[in-house]
Amino acid sequence: LTVRVSPCRVSPVKRQRMESALDQLKQFTTEVADKGDFNAIDEYKPQDMPAYQELVEEAVAYGKKLGGPQEEQIKNAIDKLFALFGAEILKKIPGRVSTEVDARLSFDKDAMVARARCLIKLYKEAGIGKDRILIKLSSTWEGIQAGKELEEQHGIHCNMTLLFSFAQAVACAEVGMTLISPFVGRILDVCHQNLLLQEVWLQDHCHGRLLLQHGRD
């Protein structure tokens, strides 16, 4: 179990209460900061980190250096920026960082594999091994197949996102994904729906018993 924490500006009193609750949670689970604020990472000391001006400028320069059409330059600059952000985060945490492949590629297996390998290459150029990286992919059928190939053939660990159902989770588990990131809101929706179904069943069941009793009377 991991707890995702997104630090924000709060009053000193509320912050103290939050930190006390956070300290309690840390005794039972692993804290994961779902945020790209480096100062907040320093403050809260998470174990992993699912994500500036100098980094942006370096990424833009990298994209221009590779050349090509503007769209290609932007794509390369964004990938470089992701790797630069991840490298900065990994200076502050002992675990892994997740870097997401463009969600627009969610239905193109080969494109996702190629993009993931490109990201790993950028991290390698920054002196960071793939053992500290999780490539985040969409849990579409194509995404799961891409993750399977990355895990089995390239030793690249994957974190599956956009996961809304038990069927998706099972599919990810069956091909040996390193990590899945279900949307808690969707899980709560399922629980809420189940509770409603149970309530309806109880109402119908009790109503049926009342009708049966009335018939006997």
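Reply: Helix H4 passes helix H5 in a right-handed crossing. In this predicted model, the two helices pack at an angle of about 50 degrees, and their axes are 9 Å apart. H4 and H5 are therefore oblique to each other. On the H4 side, the residues that meet H5 are Lys-75, Asp-79, Lys-80, Phe-82, Ala-83, Gly-86 and Ala-87. Their partners in H5 are Arg-115, Cys-118, Leu-119, Leu-122, Tyr-123 and Glu-125. Sorted by class, this contact of H4 with H5 comprises 7 nonpolar, 1 polar and 5 charged residues.

Asp-79 belongs to H4, which spans residues 70-90. Its relative accessibility is 3%, so Asp-79 counts as buried, the limit for that class being under 20%. When neighbours within four places in sequence are left aside, Asp-79 is in contact with Arg-115, Cys-118, Leu-119 and Leu-122. Each of these four residues is listed on the H5 side of the contact between H4 and H5.

H5 covers residues 109-125 and also packs against helix H6. The axes of H5 and H6 come within 8 Å and cross at roughly 45 degrees. This pair, too, is therefore described as oblique, and H5 passes H6 in a right-handed crossing. From H5, the contact draws on Lys-109, Met-112, Val-113, Ala-116 and Arg-117. From H6, Glu-142, Gly-143, Gln-145, Ala-146, Glu-149, Leu-150 and His-154 take part. The residues of this contact divide into 5 nonpolar, 3 polar and 4 charged.

Arg-117 lies in H5 and has a relative accessibility of 46%, so it counts as partly exposed. Apart from neighbours within four places in sequence, Arg-117 is in contact with Leu-150, His-154 and Ile-156. Between Arg-117 and His-154 there are 37 residues of separation in sequence, while their C-alpha atoms are 8.5 Å apart in space.

Helix H7 runs over residues 166-174, and Gln-168, Ala-169 and Cys-172 are buried in it. Viewed down the axis of H7, the buried residues fall within an arc of 100 degrees, so they line one face of the helix. An α-helix has 3.6 residues a turn, so residues three or four places apart point the same way. The face of H7 turned away from the buried side carries the exposed residues Phe-166, Ala-167, Ala-173 and Glu-174. After H7 comes Gly-176, whose phi is positive, near 80 degrees.

These helices form part of a protein with 8 helices and 6 strands. Read along the sequence, the elements follow the pattern β-α-β-α-α-α-β-α-β-α-β-α-β-α. Of the 217 residues in the protein, 35% are buried.

Terms used
Residues numbered from 1 in each chain as written. Predicted model: local features only at pLDDT ≥ 70, side-chain atom pairs only at ≥ 80, totals over all residues. Heavy atoms only, no water. Buried < 20%, exposed > 50% of the residue type's maximum accessible area, 1.4 Å probe, protein only. Arc of directions from axis to C-beta. Axes fitted to C-alpha atoms, helices over the stretch in contact; angles between N-to-C directions. Parallel < 35°, antiparallel > 145°, perpendicular 65-115°, else oblique. Left-handed = near helix turned anticlockwise from the far one by under 90°. Contact = heavy atoms within 4.5 Å. Nonpolar A, V, L, I, M, F, W, Y, C, P; charged D, E, K, R; others polar.
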